[in-house]
Amino acid sequence: MTIAEIAEQAGVSVPTVSKVLNGRADVAVATRERVQQVVAESGYRRRGASAPRRRTGLVDVVLDRLDSFWAMEVLRGAETEARRTDRQIVLNTSENDEPGSRAWLDRLAGRGTDGVVVVVGDQDPDTAATLVALDVPVVLLDPVGGDDPSFATVGATNWAGGLSAVEHLLSLGHRRIGIVSGPTRLSSSQQRVDGYRAALRRADIAVDEDLIRYGDFLVGGGRRGAVDLLDLADPPTAIFAGSDMQAVGVYQEAAQRGLRIPEDLSVAGFDDIALCEYLRPTLTTVRQPLARMAAEAVRLAVQEPRTDPDGTAPRLELATDLVVRTSTAAPPARPA
């Protein structure tokens, strides 16, 4: 029986079952007892110390899509670390078979794996919790929402990155700075907005909510956000895009309107994917060490991350750096 089936029989969510199995205290007594009863009746047993894990030489990486430079950087880092430890990467995408589905879990259980790295993206966060049923080490890369302390996670200093990008634009003289971040449910997206707000507050500039937009981290989201911002009666002189792909969308909309970058509009991004060097002008961006983040996630997974006595799993947060190129400059002079 899988955790998903236990959750269905107990009438609770998969994460709730995971919490009960992990001994977490934040579950109501009645709920805990109901889950424990179903577990006992099903005969479900977690792997113990007397049953060592069979090594397969495989590491599963779960991605929602492959059509981005971001995904390619993640795979590059994961593959490099897997090769270093004499393992191979098994790629799982929702385009072929929904990770977390019963069929996918059965296939994973059949062949085995040394660990799973879940690059959450738009995946259902219950996917990671469901994997607990297979007694497989799971590491979340750039997790959705608040970090679940039950799982090891690897992320970046998103708040500091957002702060550095906006402080750079402020240092050039910009005061009307727009932002197009990612989906609101992603913690990384919200943290970048928080860094944006902090930079403005440090400069004693009131935060104008009209200058804050959310997208999807893709080109289309960036362009839609740019449309909203540039249509304002008092449009921004600079736009900080929450991803480099969204910055491409800002470039497109600026070109459509006949705006020159950076003479009429400064643009900064986030990630520092390879495309930044090929854009014209080259893109100022916050470098997120995607390949290293993925490598660290694989390393944690194959080492079977240990939780603290309070049940908290390891959390790695890697530093970001601002890379200044030619897409940012002083704002255009305003007419007298």
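**Figure 1. Overview of the predicted model.** Residues 24 or more positions apart account for 73% of those contacts in the protein that have a separation of 6 or more. The model is a predicted one, and its secondary structure comes to eleven helices and twelve strands. Of the 336 residues in the protein, 53% are buried. The structure holds zero aromatic pairs.

**Figure 2. The parallel sheet that runs from β2 to β11.** Six strands form an open sheet in the order β2-β1-β3-β4-β5-β11, and their pairing is parallel. The edges are taken by β2 (88-93) and β11 (315-318), each of which has a single partner strand, so one side of each is left without a neighbour in the sheet. From one strand to the next, the twist averages 20°. Strand β1 (residues 58-63) is joined to β2 by six bridges, and within this pairing Leu58 stands opposite Gln88 of β2. Helix α4 (residues 69-84) packs on the sheet, where it touches β1, β2, β3 (116-119) and β4 (138-141), and its direction makes about 150° with that of β2. Helix α11 (residues 290-302) also packs on this sheet, touching β1, β3, β4, β5 (152-156) and β11, with a direction that makes about 170° with that of β5.

**Figure 3. Strand β3 and its two partners.** Three bridges join β3 to β1 in a parallel arrangement, with Val118 of β3 as the bridge partner of Val62. Four bridges join β3 to β4, again with the strands running parallel, and here the bridge partner of Val117 is Val139 in β4.

**Figure 4. Helix α11, mostly covered.** The 13 residues of α11 reach 19 Å from the first C-alpha to the last, which is close to the 18 Å expected at 1.5 Å a residue. Eleven of these 13 residues are buried, among them Leu290, Met293, Glu296, Val298, Leu300 and Val302. Just after the helix, Glu304 takes a positive phi of about 55°.

**Figure 5. The mixed sheet that runs from β7 to β12.** This open sheet has six strands in the order β7-β6-β8-β9-β10-β12, and its pairing is mixed. Because β7 (212-214) and β12 (321-323) stand at the edges with a single partner strand each, one side of each is left without a neighbour in the sheet. The twist from one strand to the next averages 20°. Strand β6 (residues 177-181) pairs with strand β8 (residues 238-241) in the parallel sense over four bridges, and Ile179 stands opposite Phe240 in β8. Helix α9 (residues 219-230) lies across β6, β7 and β8, running at about 150° to β6.

Figure 6. Helix α7 lies across β6, β8, β9 (266-271), β10 (284-287) and β12, and runs at about 165° to β8. The buried residues of α7 include Asn158, Leu163, Val166, His168 and Leu170. Just after α7, Gly173 takes a positive phi of about 110°.

Figure 7. Ile261 and Pro262 are joined by a cis peptide bond with an omega of about 5°, and Pro262 is found in the loop between α10 (244-256) and β9. A cis peptide bond also joins Arg280 and Pro281, with omega about 0°, and Pro281 lies in the loop between β9 and β10.

Figure 8. Asp204, in the loop between α8 (187-202) and β7, has a positive phi of about 60° although it is not a glycine. Asp272, in the loop between β9 and β10, has a positive phi of about 65° and is likewise not a glycine. Are these residues buried or exposed? Asp204 is exposed, with a relative accessible area of 71%, whereas Asp272 is buried, because its relative accessible area of 17% is under the 20% limit. The charged end of Arg192 sits over the ring of Phe270, 3.7 Å from the ring centre.

Notes: Residues are numbered from 1 along each chain as its sequence is written. This is a predicted model: local features need pLDDT of at least 70, side-chain atom pairs count only at pLDDT 80 or more; totals for chains, interfaces and linings use all residues. Side-chain values use heavy atoms; hydrogens and water are left out. Rings of Phe, Tyr and Trp (its six-membered ring) pair if their centres lie within 6.5 Å; planes under 30 degrees apart count as stacked, over 60 as edge-to-face and the rest as tilted. A charge sits over a ring if NZ of Lys or CZ of Arg is within 6 Å of the ring centre and within 35 degrees of the ring normal. Buried means under 20% relative accessible area, exposed over 50%, partly exposed in between (1.4 Å probe, protein chains only). Helices (H or I, at least four residues) and strands (E, at least two) are DSSP runs, numbered from the N terminus. Two strands pair if DSSP finds at least two bridges between them. Axes are lines fitted to C-alpha atoms, for helices over the stretch in contact, and angles run from 0 to 180 degrees between N-to-C directions. Contact means heavy atoms within 4.5 Å. The expected span of a helix is 1.5 Å times one less than its number of residues.
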